[in-house]
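Hi everyone, thanks for having me.

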Amino acid sequence: MPRHELLTGNEAVAHAVAMAKADVIGIYPITPQTTIIEEICNLAANKTFSPKIVHVESEHSAMATIIGAAFTGVRTFTATSSQGLALMHELLHWAAGGRLPIVLANVNRAMAPGWSIWTDQNDSLSQRDTGWMQFYCESAQEVLDTIFLAYRVSEQVLIPSMVVLDAFVLSHTSEPVEIPDNETINKFLPNFTPSFKLDIDNPCSFGALLRPQFYQEVRHKLNDAMSEALIKINESDKLWKQLTGREWGIVTEYRADDADYLFVTSATTASTAKPVIDKLRKEGLKIGLIKIRVFRPFPFEQVKKYLTKCKRAIIFDRNISYGHHGIFAQEIKSALYGVKNSPEILCYTGGLGGKDITPQLIEETIIKGTKTKLNGSLFEWI
Amino acid sequence: MKNYSKPVLDGRRIWTTPEKEIYSSGHLACPGCGVAISARTALKVFGKKTILVVPACCFAVIDGPFPYSAAGVPLLHCAFESAAATASGVRAALDQMKINDINVVAWAGDGGTYDIGLQALSAAAERNENMIYVCYDNEAYMNTGIQRSSATPAGAWTTTTPAYPGKPERKKDLASIMIAHKIPYFATASISYMNDFIDKFRKAKDIKGFRFIHLLSPCAPGWKHAESDTIELGFLAVRSRIFPLFEVENNKWKITYNPHPTSINKYLDLQGRFKHVKGEDIKAIQTEVDKRWEELCEKCDLPSQINPPEQPVQHTRNQVLSKEQFQEVLSKHFINFSDNENELAYQMLKSLWLDKSYSHFSDEELICNIIARVQMCDCT
Amino acid sequence: MKNLKTPLQQSGINVPISGQSLKTTAENKTGIWRNVEPFYLDRISPCAQVCLSGHDIPVIIELVYENKFEEALKILRLANPLPASTGRVCPAPCESSCLRKSLGGSVSIKQIERFLGDFAIENRIFCLSKGPHRGRIAIIGAGPAGISAAYFLAIKGYFVTVFEEKKKAGGLLRYGIPSFRLPKRILDRELEIVFKQLPVEFIYEKRITKDYEKLLRQFDSVIITCGKSISQIPDIPGAGEKMSGLTFLEQINNGDSQPLSGSVAVIGGGSTAFDCARSALRLGCDSTIYYRRSKKEMPAFEHDITEGLEEGIQIVENVIPIQIDKNGDYKITFAKTTSKDRKSAVKIIPNSEFAVTTDHILFATGEKQEHLFNKVQKETGGIDVSQTYRTSDPKLFAAGDVTVMAPGTVAGAILQGRLTATSVHNYLNKTTEPHPAKIPHLRGAKDDGTTIEKINLNYFQELRRSAQKATDIKSRLKNFDEISSTLNENSVAWEVKRCFSCGTCVYCSNCMNYCPDNAISFDSSKKRFSVNLDYCKGCLICVKECPRHCMGSKYAAA
Ligand SMILES: Cc1cc2nc3c(=O)[nH]c(=O)nc-3n(C[C@H](O)[C@H](O)[C@H](O)COP(=O)(O)OP(=O)(O)OC[C@H]3O[C@@H](n4cnc5c(N)ncnc54)[C@H](O)[C@@H]3O)c2cc1C
Ligand SMILES: Cc1ncc(C[n+]2csc(CCOP(=O)(O)OP(=O)(O)O)c2C)c(N)n1
Ligand code: SF4
Ligand code: SF4
Ligand code: SF4
Ligand SMILES: [Mg+2]
C-alpha cells in the first residue's frame, strides 16, 4: 500500500533514491541541494537503506567516484547544483561516454559570479551536450516518480539521467507526496544487472584510446540510444500509470486542444501558469499550456504535434544562452523548422537567479505575447 | 609475514617473484620504458584479482588503444585528475557487493598525482580508502611531450622550461604531503632495487587502507638517456640519495636501503635533460640532496653520515653476541628466519665469531656470511 | 524498433558501446620498432681463459653454489682427473685474473677445486669408463701428463698400459713435490678413485728406453710422458751429481731421508729450490737460497716464495756460484751479478767474488729431458711434437714436460695429457676432428672473454675472500705434514657466492625479468633463454642488466 507524506522536493529525491536502493552515493554539499544528501545520510543512518556513501572532497570527485562504482556494476547516485554541476562537467561526458546508468539530481541554481543560490536553469542547460538525459520536474511527487523512471530508463538504454528541480520553490517546499510501496517499486525497477563491468574473470579495459575509425561509431551508438530512450520513457510512463495511476508524459499539455495560443514552459513555472491559463480562458482567450518535461532526448514529435495546432507559441525560458535567446525556445524553433503549419514563436526569458515568477508576471507575458505584432523572430526579457 | 630481502647481493638469485606473468607483450611503451617494467612486476605481485584505475598519462597509452589492453586485469581509464576518486568508487562498489579479495590499484603519473590529481588524492588518503595508489614518477608530463610538472627536479630541461637553467624550482616533496595524511603505508621504490620493490608491493598488498607507493620511473625520451640505461639510472638515483628508498608504516619511518653514497654526477651525466647543469648548479643540487637525506635520517632515527668512511671500521671481536643481540642485528638486515633457521644461524655465529680465519671480516660481513649460509640450507 | 544500425555495424564490425577493449596487445608485434637486437652468448671467463688445464670454472662454481657437488665434480673431471692434487699445487693463474679481485679479493678457485677433489676422495666417487672397449694404448711415464692421458683414453673405452720406472705413479707429484704441500696419502687415494674402475694397467719399475719401438708394434698407439728427469748441475769446479736437489727431494719423498743439521745452500730460484730449502728446514737445517737473478725474476710460483719466506728461508739475490771447495764443510765462491729480466743472460760483476761456507749444497738449477727416443728426439731438449701432440711417427705421441712444449706445471701437463688422448682417439678413429677444445663444457659455443667493465657491479657487493686455515709456522717445521687445510663446506659456500660467473649464464633471470616488453622467455627443458623478436623493441636493457655479460647486441633492420 502506498503511504502519504509531506515531503520537500529534496526529501522526495532522497526517499526515491533510498527506495531504489542506490549502492554508491558520492556526496558533497551545495545550497540548495544540500538537504538531499543530508536526508540520504539520515535515511542511511536509520537503516532505511544501506548504501556506501563516499564523502568526497568535491562534486568532481563525487562524479568520478560514482563513475568508478558504476563501472564496477552497481547503482549509483549523486546530487548537486550550479557550481558543482559545472565542476563536474568533464566527468558528465565521461559518464555518458562510458554508457553508465548514473542518476543525478540537480537542483537548479543560478551560476556565479554574483553569488546566487536561487533558481534558474542555466546550470543544467549548460550540460545539454554532455549526453545525459534531462528531466525537468514540477512537483515533489513528480520528482519522486521521476527518480524511479530515470533509473529504469537509464539502466535500459545505458545513458545517465539528470533529474532537475527548481531551487527552493520545489526543493524546499513541502507537499503531500504519495510514496509507493516497495512491491510496486520492485515491479517497476528490477535489480541492476550491468551488461558490462570491471570483471576480473573477463578482464578488459574501459575508456582506452579510440582511434578515428572507432570514435564516431561509439558516439553514433550513444545518439541512437537517446532515440531509443524516448520510447523507453514512454513505455515506463505507461507502466507507472498501471502501477500507481500516475503518468508524467514527455511533453504535457493543459487545455491546449483547441488553443490558438500556447504558453510553453518547463518545471515549476508550469504550475504557476495553470491558474493563469484558467483565468484567461474564462476571459475568453483561447490559450493553453505546454510543459516540456523531457529535454534530452528532445521530444521532436511531441513538440511538433502540439505546436502545429496553434497560431502562436509564447515560450517562457528561465534561462538564457547569451548572444542568442532562451534555450528551450531555440530547441523548439529548431524542432519546427520546415514543418508545415508551424506557429509564430515568441521567446521570453525571465526569472533568472530566482527572480519571482508570479501569476501576474505570466499573465502579463501572455497578454504581451498575444498582442505583439510579430516581425521575424522575437526575444524579450521579462 | 615472510620477508624476502636478501642481504647478500651475489648476482644470482636477484629476483624472488614466483608469480605468474600477467602483463602482455605488444604494449605501446617506448623502448626501455621504466613504467612498463614496473607495471609488469607490480602486476605479478598483485595477481589477477586486481582492478587498475588509470588516469590520463603515458601508461594510459601504453596499455593499448581499443580493442587492446596489455594489463591482463580489468583496467578503467579515468579523467586525468580523478584517479583516487574513481578508484574509491570502484572500492565502494566492491564493498557493496561484499567482494573483498580484489586489489584496487590507482596507477598514475606524476602529473596526475603531484598536480592535477592531488586534491582527489588527498581526500582519498584522508578517508583512508582501501586502495593502493602507485605514482610512477617520470618527473614531467611525458604523455603530452615533456612539460614541466611539480615533480620535475630543479635544473631539468623540459619543453616548458627550455632556457638555462632549466626548471628553477625544486621538486615538490610529495612524500611529506602523503605521510602527513597518516596513511597506513607509504613507500618509495625503484625497479632497480627489485627485491625491495617486490617486498614493498607485497607488503602494500597485505595492508588494508590507503597505501601509497612512489616509483621513480626513468623515461628515455623525456630524460634524454640511453634506452638501456633505465635500470642503471635507478641504481644511481638511489645510491646518490637523490631518490632514497624508504617506507613509513604506521608512522614509523625506515630507510630500507642505506647506500654508500656516490656523487650525483654520474646520475646527471647520463641524462640529456641535465646537460647544461655544471659546477655551481651541481653543488646546489648536491646540497639539496644532502639536506633532504639528513632530514630523512632524522625521521628514521639514523645517524645521517653524509660522508661515511669508505670501509666499515674493523675491530677485534671478543664476546659472542647474545641471542637477543643477534636477533636485533638480523632484523636490521630485514631478515625474518624461521625458528629452525634462527637456531642454525646462531650456532654458526657462535662457531665463527671468534674464529681467526674470519677476523678479517667486519662484523657486518660475517653476519651476512652467516645469513647467506643459512639461506642455502634447507631448514624446514 | 527502427533500424538503428551504424555504418560499422552494418559492415559487421561491432564496437562495444562503452568502447571496452577485449583483447590483449599480443597482436601488436612491436618487434618492427627495433633497430638493434639482443642475443645470448656465453663468454669464456677470464679465469677459465688462463686456467692451465682448461676448467670451465664458472660452471663448476655454479654447481657448487647449488650444492650439487657431484655434478660439479663431473664437469671438473671433464678436464682434470686430479683436482685434489692440482687444488693443492697449482699456481692458480685463474685467481690472478679473477674479476672479483677488486671487490673483496679473487675467488678461491683453487680451494674450491681442492674441496671437490677431497669430496671425491672422501665419498669415493670413482671414475667410470664409458666403453665400448677397443684399442690398446701404451703410455710411458706415470706423471700428471701420463695419468691424464691414461684417464681420458680409459674413460673413452681404451685399454691402457702405463709403464713407469719408479715404484709408484705420480711423477713429480710424488717424487718432486714434498708432502707438506701434497700429502702422499691424498695422491694415493686420488689415484685410487680415478683408476680403480678403469681399464688401466700400471707396470711399475719398468723403464722404457730403446724398446719403445717394440711397444709401437704391440700397441695401437704409444704416448711418451716421461717428464724431465735429469737435474742440470752447472759445470763448475767441485759440483757433482750427488748435489742434485731433485734427488734430495726424491729421497725425502721416498721416506729415505736422514735428519740434517747445520746450513743448506740451495742454488736456484724455481719450485725445486724452494721445495728443497723448505724440506731442509723441516729436517733441521737453516736454508739459504742463492739465485743468479733478482727475487722478482724467480721462476718459482708465488706460493712457493711467500710460504718459503714465511717459514724463514733466506734469499740471496744476484749471485752465481763459480767454484766449490770441500774441506769438511763446503766453501762456495760466488760472484755478484746484474740481471735485466728472466730471458736475457746475467752479467757477472768483475771482481765481486765472495765465499760462503755451508754444510750442504743442493742444486736446483733446472731439469732436462733424458735422451731416449732418438727417432723423435733431438740430441738435447724435448720431443718435438705438433699442435696435436704427435711426433714425426704417426703412431707415437708425446705430452708433458718431456716435449718441447713442456708446460712446467702439473695442471698444464694434465691439459696436454687430455688433448693428446683426444688426438690419439682421432688418429685411431680416422676422424679429422679439429684441434681439441681447450675448455670442455656442455653449453655450446662461447665467445671471447669478458672484462670487469662488462660485469654489472650493481648486482654484487664487496664480499671478502675467506682465509684458508694454515698451521702456524713453528709447528709446521716440525714435520712434513700438510700445512694448509681444505676449506670447509661453509667457506666454500661463501666463496662460490662471491663468484661473478663471468660470461656464464646462471639463470638469474635478470634479463627476462627486466625486459619491459616481456619478450624473453625461458625454456626449462633446454635450459635456455630466448628473445621473442616479435616483441623485442631493442632497448638492450637485458644486455646491460645481465650481471655477467652473457648477452650481446647487433644492428638489425627489422
Ligand atoms: C720440485 C718441483 C716442484 C714442483 N712444484 C710444482 C707445483 O707446485 N705446481 C705445479 O703445477 N708444478 C710443479 N712442478 C712442475 C710439475 O711437477 C711438472 O711440470 C709436471 O709434473 C710434469 O709432468 P709430466 O707428467 O710431464 O712429468 P713428470 O711429472 O716428470 O712425470 C714423468 C714420469 O715418467 C717417469 N719416467 C721417466 N722416464 C721414464 C722411462 N724411461 N720409462 C718409464 N717411466 C719413466 C718418471 O718416473 C715420472 O713418473 C714442480 C716440479 C718440481 C721438480
Ligand atoms: C584535465 C586534463 N588536462 C590535461 C590533459 C592532458 N594530459 C594528458 S596526459 C598529461 C600529462 C600526464 O603527465 P603524468 O601524469 O606525469 O604522466 P606521464 O604522461 O608523464 O606518464 C596531460 C597534461 C588531460 N588529459 N586532462
Ligand atoms: S669471478 Fe668467478 S668467473 Fe669471474 S674470474 Fe673470478 S672465479 Fe672466474
Ligand atoms: S630488454 Fe626486452 S625489449 Fe629490450 S632488448 Fe632485451 S629483449 Fe628486447
Ligand atoms: S641476465 Fe642472468 S639469466 Fe640472463 S643471460 Fe645473464 S646470467 Fe643469464
Ligand atoms: Mg610524468
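This is a predicted model: local features need pLDDT of at least 70, side-chain atom pairs count only at pLDDT 80 or more; totals for chains, interfaces and linings use all residues.

Residues are numbered from 1 along each chain as its sequence is written, chains are lettered from A and ligands numbered from 1 in the order in which they are written, and side-chain values use heavy atoms, with hydrogens and water left out.

So, how many residues does the contact take from chain A and from chain C? There are 20 residues from chain A and 16 residues from chain C, where contact means heavy atoms within 4.5 Å. The size of an interface is often given as the accessible area lost when the parts come together. Here, the area buried between chain A and chain C is about 1,500 Å², and carbon and sulfur atoms give 62% of it. That buried area is the accessible area (1.4 Å probe) that two parts lose on being put together, summed over both. In chain A, the residues that lose the most area to chain C are A:Glu217, A:Lys221 and A:Asp224, together 32% of what that side buries.

Which elements of chain A supply at least two residues each to the side that touches chain C? They are strand 9 (205-206) and helix 9 (212-244). Helices (H or I, at least four residues) and strands (E, at least two) are DSSP runs, numbered from the N terminus. Helix 9 of chain A gives the largest share of that side, nine residues.

Now to ligand 5. It has 13 residues around it, and C:Cys505, C:Cys508, C:Ser509, C:Cys511 and C:Cys546 come nearest; near means that a heavy atom of the residue lies within 4 Å.

Next, chain B: its secondary structure comes to 14 helices and eight strands. Of its 380 residues, 63% count as buried, meaning under 20% relative accessible area (1.4 Å probe, protein chains only).

Last stop, back in chain A: is helix 12 (residues 327-336) mostly covered or mostly open? Helix 12 is mostly covered, with eight of its ten residues buried. Among them are A:Ile327, A:Phe328 and A:Leu336. After helix 12 comes A:Gly338, whose phi is positive, near 75°.

Notes: Buried means under 20% relative accessible area, exposed over 50%, partly exposed in between (1.4 Å probe, protein chains only).
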